[in-house]
Amino acid sequence: MNNWTEVTIWTSTAGVDAVTGMLMDLGIDGFVIEDAQDFADFLQDTELYWDYVDETLAKEKQNAETNIKIYVEDSPAGAELLAQVNTGLAGLRARDAEHVFGRCTTELAAIKQEDWENNWKQYFKPFRVGETFLIKPSWEQCEPEEGRRILEIDPSSSFGTGTHNTTQLCICELERLVKPCDRLLDMGCGSGILSVAAHMLGAEDITAVDIDPNATRIAAENAEKNGFSLRTYVGDVIGDEALAQEIGSGYDIIVANIVADVIMGMQDILKSKLKADGTLIVSGIIAPRADEVQQSLLEEGFVLERRDQSGDWVAMTLHQL
């Protein structure tokens, strides 16, 4: 049985709704909120009864920082989840120009990040995805299998071991769609696993973008492990017009394995980056929000080609009118 680790997300009273909304978009609906303002309000409302409030506790809570606690497994699934949370927080920080959401960082209980990462690695073994891939972590050895490509990945602290439903849905679509010499844009690249898969399927011109500089570094390293150089950009294309321009356009395929709100927030940008007959693959969409995302993309002018679901997660493939 896997162990569980408590993850504390440091934020502010104003940031609680933004952070919990991001968590729910990732399918996390179990969390504990400790809001410093709630305790301050309680003390003010019960001022007449302060004899019943422990003075040490009152001082401690008054100086406390608002936080939200979640729990993750010491497993590849837990690593994927924590990486998604950290990417989501990076997105909130990038868009929080007034710095009202607090630190938006994570802290693991009684264990160092690097130690936790090493703990879950024992559960990450080679496995098959789609019709043609055998995915293996860089620290494992495995024999080639007939008809399968070995995709070596070291996700480190970025999303994308290949075990998550959303990643596998994207890989299966890339298997179906990628043609030799395709230009591909990996928006929200994480570990770079989808860029690597696309390269192995024949795409030649691949650009990867992520809001987290740690992710683009790891993605570039994973590309090198698999024998090619990956062009990467760091930043928020929604808020940075210069970055959006620098990424260019005319892509045959764009894959965006992110979350519902971000996909809808950048749908006009995604459309502008695709060539006229290009294909958009979106994933990272929790099932209860799939209809909302689909309708938003249709209103933007996309045409739905197919919609697939794995567990609680949905991916869609679309093209332009």
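Helices and strands here are DSSP runs, numbered from the N terminus. By that numbering, Phe 31 lies in the loop between helix 1 (16–25) and strand 2 (32–34). The model is predicted.

Start with Phe 31. Its relative accessibility is 25%, so Phe 31 counts as partly exposed. Setting aside residues up to four places away in sequence, Phe 31 touches Thr 20, Leu 23, Met 24, Ile 68, Lys 69 and Ile 70. Take Lys 69 from that list. Phe 31 and Lys 69 are 38 residues apart in sequence, yet their C-alpha atoms are 5.5 Å apart in space.

Now move on to strand 2. Strand 2 and strand 3 run antiparallel and are joined by three bridges.

Helix 4 has 20 residues. Its first and last C-alpha atoms are 29 Å apart, close to the 28 Å expected at 1.5 Å a residue. Of those 20 residues, 14 are buried, so helix 4 is largely enclosed by the rest of the structure.

Helix 5 (residues 113–121) comes next. Its buried residues are Trp 116, Glu 117 and Trp 120. They cover an arc of only 100 degrees around the axis, which puts them on the same side of helix 5. An α-helix has 3.6 residues a turn, so residues three or four places apart point the same way. What do the buried residues of helix 5 pack against? They pack against strand 1 (4–10), strand 3 (67–73), helix 4 (76–95) and strand 4 (105–108).

At its start, a side-chain oxygen of Asp 212 reaches to within 2.9 Å of the backbone nitrogen of Asn 214. Helix 8 (residues 213–225) has 13 residues, which should span 18 Å at 1.5 Å a residue. Its end C-alpha atoms are 19 Å apart, which agrees. Gly 227 follows helix 8, with a positive phi near 90 degrees.

Which residues of helix 8 are buried? They are Ala 215, Thr 216, Ile 218, Ala 219, Asn 222 and Ala 223. Around the axis they cover an arc of only 165 degrees, which puts them on the same side of helix 8. Their cover includes strand 7 (149–153), helix 7 (193–201), strand 9 (205–210) and strand 10.

Ile 281 has Thr 317 in strand 14 as its bridge partner.

Thr 279 is found in strand 12. Its relative accessible area is 12%, so Thr 279 is buried. Leaving aside neighbours within four places in sequence, Thr 279 is in contact with Leu 177, Asp 252, Ile 253, Ile 254, Leu 274, Thr 317 and Leu 318.

End at Gln 320, in strand 14. Is Gln 320 buried or exposed? Gln 320 is buried, because its relative accessible area is 14% and the cut-off is under 20%. Its side chain reaches the backbone oxygen of Leu 274 at 3.4 Å. The side chain of Gln 320 also reaches the backbone oxygen of Lys 275, at 3.4 Å. Beyond its neighbours within four places in sequence, Gln 320 is in contact with Lys 271, Leu 274, Lys 275, Ala 276, Gly 278, Gly 301 and Phe 302.

Conventions:
Residues are numbered from 1 along each chain as its sequence is written. This is a predicted model: local features need pLDDT of at least 70, side-chain atom pairs count only at pLDDT 80 or more; totals for chains, interfaces and linings use all residues. Side-chain values use heavy atoms; hydrogens and water are left out. Two strands pair if DSSP finds at least two bridges between them. Helices (H or I, at least four residues) and strands (E, at least two) are DSSP runs, numbered from the N terminus. The expected span of a helix is 1.5 Å times one less than its number of residues. Buried means under 20% relative accessible area, exposed over 50%, partly exposed in between (1.4 Å probe, protein chains only). The arc is that of the directions from the helix axis to the C-beta atoms. Contact means heavy atoms within 4.5 Å. A polar contact is a pair of N or O atoms within 3.5 Å; within protein, one must be able to donate a hydrogen and the other to accept it, and residues adjacent in sequence count only if both atoms are side-chain atoms.
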